[in-house]
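Reader: I have a model open and want to read its features one at a time. Where do we start?

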Amino acid sequence: MTTVASAQTDIPATAWHHRHLIDLDVVSWPEIDLIMRTTDEMKGILARPIRKVPALNGRRVTTLFYEASTRTRVSFETAARNLSADVVSVAPATSSVTKGESLVDTVRTLEALGAEILVMRHSVSGAPYLAAEVFGGHVLNGGDGWHAHPTQALLDLYTMRENLPGGDLRGRKVAIVGDILHSRVARSNIWSLTAAGADLWLCGPATLLRGMDRWATAWSGGAIPGHGRFNVTSDIEAALHDADVVMGLRIQRERMQGGLLPSLREYAARFQLNAERVSLAKPGAIVMHPGPMNEGVEIAPDVAISGRSVITDQVANGVAVRMALLYLLAGAHEAAHGETPL
């Protein structure tokens with residue numbers, strides 16, 4: 001068995017056994033740790049003068065984004081090219097989707113045209129599961145509806161480990177503030193951060209926390225053994241007090257229904273991450289945001305660029321995390337077919 005020898009890594013691709021990555025609820029902590037360690041190796045590659053290795057040479061990675069994206073789509077395409085994959089980007093707005101072609105037909109067409117790894121984003125929760133049922137290769141979820149955004153959660157976790165002393169989240173307080181109701185990022189972060197042993201606090205207006213109390217009850221009742229604490233509150237001072245990590249979430253106006261918020265001005269007055277509120281966190285706390293940001297709404301501009309902010313680190317780490325996942329998925333495929341991985 002080989003690793004990515006040309007990339008000079010020490011991580012065996014065959015240690016990963018999942019065919020797809022659609023959410024983190026089926027990924028164990030040892031597997032998440034494997035992703036983190038593989039990302040370390042990919043960061044080493046990105047630190048070189050030439051950031052390209054032949055690990056996925058000849059493999060076809062296709063991105064299919066039904067929703068607008070900058071960070072996720074570009075970082076996936078950059079990651080694939082860094083691994084020497086052939087990359088095809090499909091924009092549904094200029095494809096046969098506009099003529100009424102279904103998701104299933106689109107996926108089957110892309111596979112017939114040579115797609116082996118499909119990275120997709122869709123406005124409908126569960127769409128990647130449907131794609132995975134008909135696609136013969138690997139599906140990577142780049143975000144689906146309100147459901148999940150696993151790669152964002154993984155890069156968030158990696159960024160926290162990288163910036164917190166010791167890199168261990170056990171017992172660390174992580175506060176996520178904002179539009180929890182519509183956030184696929186928050187839902188995936190629940191799995192990854194509690195698996196890491198963090199003391200997770202979700203905070204926002206009560207109207208944007210609907211349903212989260214059931215998740216918290218399941219955790220506190222021991223239904224999710226081995227996971228860290230999980231708290232839900234509208235008390236922003238309690239959420240931010242002594243936090244090690246403070247993460248803001250965008251107010252998703254495109255998903256809002258009438259009556260959830262009186263106004264963006266009132267939201268900012270009560271929940272914006274400004275300098276005064278962030279000062280409630282520990283002195284060495286870091287500030288994060290998955291983007292895109294509505295500066296002046298969920299986060300103050302001066303906080304977004306402050307010395308505490310690691311928001312640009314999150315963006316940069318997205319490339320390394322997605323390189324790791326593309327490599328691990330491709331290696332699992334080769335192992336399943338009894339071939340030498342990559």
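Author: With burial: buried means under 20% relative accessible area, exposed over 50%, and partly exposed in between, using a 1.4 Å probe and protein chains only. Here buried residues make up 57% of the 342 residues in the chain. This is a predicted model, in which local features need pLDDT of at least 70, side-chain atom pairs count only at pLDDT 80 or more, and totals for chains, interfaces and linings use all residues. Residues are numbered from 1 along each chain as its sequence is written, and side-chain values use heavy atoms, with hydrogens and water left out.

Reader: Is Gly-145 buried or exposed, and why?

Author: Gly-145 counts as buried because its relative accessibility is 1%. Gly-145 sits in the loop between E4 and helix H5 (150-163). Its C-alpha lies 7.7 Å from that of Gly-126, which is 19 residues away in sequence.

Reader: How many helices and strands does the chain have?

Author: Helices (H or I, at least four residues) and strands (E, at least two) are DSSP runs, numbered from the N terminus. The chain has 12 helices and nine strands.

Reader: What is the strand order in the open sheet of four strands?

Author: Two strands pair if DSSP finds at least two bridges between them. The order is E2-E1-E3-E4, with parallel pairing. Strand E2 (86-90) and strand E4 (138-144) are the edges, each pairing on one side only. Inside, five bridges join strand E1 (residues 60-65) to strand E3 (residues 117-122). Phe-65 has Arg-121 as its bridge partner in E3.

Reader: And what is the order in the open sheet of five strands?

Author: That one reads E7-E6-E5-E8-E9, again with parallel pairing. Strand E7 (230-233) and strand E9 (286-288) each have a single partner strand, so one side of each is left without a neighbour in the sheet. Strand E5 (residues 173-177) pairs with strand E8 (residues 245-248) over four bridges. Val-174 is partnered with Val-245 in E8.
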